[in-house]
Amino acid sequence: VEDNTVNVVYNGSSAAITVAGNVAKYLTVSVSGAHVDIAQSEDLAEEITYTLSGSSSDGEFYMSGSYKATVELNGLTLTNKTPVKSGAAVHIQNGKRIKVKVMDGTTNTLVDCADGSQKGAFYVKGHPEISGKGTLIVNGNVKHAIKSGEYMTVKDATLVVKSAAGDGINCGQYFLMESGVLDISGVEDDGIQCDIDDTEVGSTGETADHEDEDSGNIYLEGGQITINTAGIAAKGVKSEGDLIVKGGVIDITTTGNGKWDEEDVKTKAAACLGSDAKVVISGGTLTLTSTGAGGKGINCDAAFELSGGDVTIVTKGALYYHNGTTENTNYTGNTDNVNSDYYSSSKGVKADGAITISGGKISVATAGKNAEGIESKTSILISDGEVTVNSYDDGIN
């Protein structure tokens, strides 16, 4: 057996575990049927590679430790039906860097327990770096499909989220997709959501090589992304920090209607790209479609900047109205004397900050009462590029 390795093979109602002799005394291994629990002692400050394979309709993999590790998914099909340790199919209770290798040419499927309290079907306390040229399929029955406590990166791998009671992917600090395929559907909330981890300290902003970064930023730099969300006021991609698109082929569709936000006391709507800060696009091909009442293509609380890429936005939703008591998903009345917090119209781009277009192509088509093309609450500067707008209401506001 190769040093620093653990091999777990699932076979129906059982699991066979092989542990390398040089690390055996530092690991506590517990097995109940196909439910595997491995704890690494703090006395061993070395990286261990855990390879998971086989199939079980009632099993789990739970690993805890305090040193970075590698988890290889090598043709694993795992459903957690009656949890022993966690409701997740794979639960990594380790706050360090976890390399997740989806082994080349393999298909891996994870399903969590429908009666558990877990945060995700695939949960990592620390920061997972997902790579490889295999496929990982995840179904989240209770909350998110994939959940990480800290940042998450994706390179080369194919990730397929088929269902989630919450977000498809939920993480903290930042999310980075360099390459690969990401296909998210069947989710009841956002496709991808990233939050600032330390809310008391606040955002670090983008750092050099993302070292010690806690920004809530989402970076989409390459690969192929397809997201379909049907949740009420759900976002295809949602960042608490900046949302930065540099490349890739991105196709996002939202179909959910708006909703009344009790906390903010106003209506909120779905959006293909949503950011609590700014949205910056410098490359890539984006197709953004929103069909629910009040839905947006791009919605950000700060600036929107376009310097490259090809962006096509279509919004078809009707005017959404809610005053805290009464809801109308196809409001046709006059809104001149209605509090603006009570309604949400579909828009191609809506930015609370400045809009700057200095290159690239953007095409916007809107339908539905009050639907507008490109709107800023402060200023709009178009100095280059190609802009096409076909709107029901204002083209540029």
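Visitor: In this predicted model, in which strand is Ser275 found?

Guide: Ser275 belongs to strand β28, which covers residues 271-275.

Visitor: Is Ser275 buried or exposed?

Guide: A residue is called buried when its relative accessible area is under 20%. Ser275 has a relative accessibility of 3%, and therefore it counts as buried.

Visitor: Which residues does Ser275 touch, leaving aside those up to four places away in sequence?

Guide: With those neighbours left out, Ser275 touches Ser239, Gly241, Asp242, Leu243, Asn299, Cys300 and Asp301.

Visitor: How should I read Ser376, and in which strand is it found?

Guide: Ser376 is part of strand β39, residues 372-376, and its relative accessible area is 10%, so Ser376 is buried. A polar atom of its side chain lies 3.0 Å from the backbone nitrogen of Thr378. Not counting residues up to four places away in sequence, Ser376 touches Ala351, Gly353, Ala354, Ile355 and Asn397.

Visitor: Which residues line the largest pocket?

Guide: Its lining has 35 residues, and Lys266, Thr267, Lys268, Asn299 and Lys350 are the ones that lie nearest its centre. Strand β27, residues 266-268, gives the most to this lining, with three residues. By class, the lining has 22 charged, nine polar and four nonpolar residues.

Methods
Residues are numbered from 1 along each chain as its sequence is written. This is a predicted model: local features need pLDDT of at least 70, side-chain atom pairs count only at pLDDT 80 or more; totals for chains, interfaces and linings use all residues. Side-chain values use heavy atoms; hydrogens and water are left out. On a 1 Å grid over the protein atoms alone, a cavity is a set of points where a 1.4 Å probe fits but cannot get out, and a pocket is an open set with protein on both sides within 12 Å along at least five of seven lines; lining residues have an atom within 4 Å of a point. Helices (H or I, at least four residues) and strands (E, at least two) are DSSP runs, numbered from the N terminus. Ala, Val, Leu, Ile, Met, Phe, Trp, Tyr, Cys and Pro count as nonpolar, Asp, Glu, Lys and Arg as charged, and the others, Gly among them, as polar. Buried means under 20% relative accessible area, exposed over 50%, partly exposed in between (1.4 Å probe, protein chains only). Contact means heavy atoms within 4.5 Å. A polar contact is a pair of N or O atoms within 3.5 Å; within protein, one must be able to donate a hydrogen and the other to accept it, and residues adjacent in sequence count only if both atoms are side-chain atoms.
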